[in-house]
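Please open the model in your viewer and keep a selection panel at hand. The stops below are given in the order in which they may be selected.

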Amino acid sequence: MQSSQSPHFARNDDINQAYAAANPLVNLNEPDKSALVTKVAGGHNCWLTSDSACADILTTWIANWGQNEQTSNQIKLTVPPDIQPGSSKNFPADSQLFADNVYPLLSAHCADCHKSNASVPISPYFASENQDEAYQAAKVRIDLDNPFASRLVGRLANEFHNCWSNCSNDAEALRIAIQAMADGIDVSELDTELVASRALTLPDGTIASGGGRYESAVIAKWEFKTGSGATAFDTSGVEPAIDLTLSGGYSWIGGWGVQFTNGRAQGSTSSSKKLYDLLSATGEFSIEAWVVPANVTQEGPARILSYSGGRESRNLMLGQTLYNYDFQLRHSNTDFDGLPSLSTADGDERVQASLQHVVISYDPINGRRLYVNGQFTGDADPSAIGDFNQWNDSYALVIGNEVSGDRPWAGSVRFVAIHNRALTDEQIQQNFDVGVGQKFYLLFGITHLIDVPQAYVVFTVSQFDNFSYLFSEPWFISLDDNASIPATALNGIRLGINGRELVAARRLPMCNKPSGRIILQRPVSVASRHPGPGG
């Protein structure tokens with residue numbers, strides 16, 4: 001408002017002055033870097049219960065302002081810190097040191113919330129009555145090399161989170177306990193036979209999430225970034241927001257997502273009416289979801305996503321029956337339940353208990369189509385083309401179950417977006433290629449190994465689950481535009497943490513975009529035992 005605190009970018013008397021005040025605070029090329037976004041993300045006057053959700057919505061609005069929805073999140077790689085891989089400490093497999101030093105403080109002061117059987121359980125469960133479960137949850141929040149940098153300490157010292165006496169004193173007590181634990185752990189030295197890159201921690205990477213997605217027609221979007229609470233926010237920026245209320249058996253998972261065991265995430269009928277208004281108006285749509293089915297034994301079909309009024313009445317549904325994905329849609333040539341269903345062929349076994357990108361799409365030319373991992377399944381719609389004149393505007397959107405609660409789906413949902421246009425094959429492939437969840441590019445420096453300035457081996461790194469990360473798609477780059485790059489072989493890549501090679505991770509050649517699943521808790525480097533010429 002013009003009478004309140006400057007800058008007056010929200011004044012209601014002169015849009016030109018509001019525009020002038022807002023201009024210095026937005027970055028139309030990189031909307032997420034806008035001062036308006038970073039201010040709200042830091043906790044300044046967010047209008048929701050989640051700062052990150054407000055920041056995401058503002059980012060969308062600014063991207064739309066700049067009319068660069070398709071390019072607003074293009075990634076620019078930056079030079080990382082130069083960290084020598086060296087000796088460091090690894091968490092022991094046994095939890096006894098944790099139990100002797102850190103666990104007594106956590107179990108005494110955090111157990112009201114941070115255990116699975118608390119009256120209002122809040123993940124992570126580092127105060128669990130099961131000592132080993134508590135240890136696993138606490139490890140990723142403990143820094144053995146710099147105990148004060150531990151997330152457990154920072155929550156008390158900097159964020160004043162549920163201190164039990166004086167926050168500074170409580171943080172210091174926890175730091176001392178972590179230091180005592182660290183003092184009991186021997187240092188792991190770097191193997192002298194390894195030819196090692198520079199080392200990085202995950203925050204040293206360049207954020208890669210969302211870059212290059214096609215979202216020109218998105219009307220609802222859930223990225224599940226909040227990580228706690230009972231609300232999954234619609235961050236599409238298109239009002240009304242269909243914020244989903246979580247209930248029943250569910251838990252947040254790391255790297256963005258929600259796992260359902262016998263629960264659901266449901267919107268109100270009033271906000272869900274946005275789908276009726278905006279999809280029936282165009283007569284076409286695409287719904288994409290990144291999902292991890294828990295198994296291939298679910299029947300019903302189990303509801304992954306449904307816009308419905310009950311078990312046998314809906315506007316649309318994406319479900320799972322054993323190895324098949326099912327797509328039900330009410331229109332003038334199907335019944336009120338959206339039958340007959342379009343299902344993937346039994347013999348194709350499209351559903352797998354792994355992370356998959358699934359798209360259901362409808363338009364008046366092609367009818368219903370199903371896509372899995374960027375590819376059209378080829379399954380033919382059994383119904384003739386129809387219209388949406390029989391849609392019901394009083395239904396509710398639900399994820400993970402039916403609105404009646406009797407068709408639960410077991411699995412994890414990492415992302416859902418609803419478009420009020422049918423995406424093309426190329427756009428679906430594009431969004432599949434971008435991937436999902438919180439991702440980083442980690443640039444491991446190798447300039448000291450080859451005669452090329454600002455030379456790096458780059459990995460795309462994403463969180464696979466609550467305990468491990470996925471390293472994939474390694475490639476070589478120099479950030480010096482004038483660099484001369486000789487023919488250099490780099491073979492037998494390994495991943496190491498805390499000066500120790502990870503024997504559980506796959507060896508990563510540079511050619512076929514393989515992946516290795518590892519536990520990532522400390523600084524990481526890449527190394528080779530078989531360097532090529534110059535490397």
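**The whole chain**

Of the 535 residues of the protein, 50% count as buried, where buried means under 20% relative accessible area, exposed over 50%, and partly exposed in between (1.4 Å probe, protein chains only). The model is predicted: local features need pLDDT of at least 70 and side-chain atom pairs count only at pLDDT 80 or more, whereas totals for chains, interfaces and linings use all residues. Residues are numbered from 1 along each chain as its sequence is written, and side-chain values use heavy atoms, with hydrogens and water left out.

Colour by secondary structure next: the protein has ten helices and 25 strands, taken as DSSP runs (helices H or I, at least four residues; strands E, at least two) and numbered from the N terminus.

**Helix 9**

Select residues 269–282, which form helix 9. At 1.5 Å a residue, its 14 residues should span 20 Å, and the end C-alpha atoms are 20 Å apart, in agreement; the expected span is 1.5 Å times one less than the number of residues. Show the side chains of S271, S272, K274, L275, L279 and T282, which are buried. Viewed down the axis of helix 9, the buried residues fall within an arc of 115°, so they line one face of the helix; the arc is that of the directions from the helix axis to the C-beta atoms. The face turned away from this buried side carries the exposed residues S270 and A281.

Just after helix 9, G283 takes a positive phi of about 70°.

Move to the loop between strand 9 and strand 10, where P301 is found. The peptide bond from G300 to P301 is cis, with omega near -5°.

Then select F224, in the loop between strand 5 and strand 6. F224 is not a glycine, yet has a positive phi of about 55°. Most residues other than glycine have a negative phi. F224 is buried, with a relative accessible area of 4%.

**A cavity**

F224 is also one of the residues lining the second largest cavity, including S50, D56 and K225. A cavity is a set of points on a 1 Å grid over the protein atoms alone where a 1.4 Å probe fits but cannot get out, and lining residues have an atom within 4 Å of a point. Helix 3 (residues 51–65) gives the largest share of this lining, three residues.

Methods: On a 1 Å grid over the protein atoms alone, a cavity is a set of points where a 1.4 Å probe fits but cannot get out, and a pocket is an open set with protein on both sides within 12 Å along at least five of seven lines; lining residues have an atom within 4 Å of a point.
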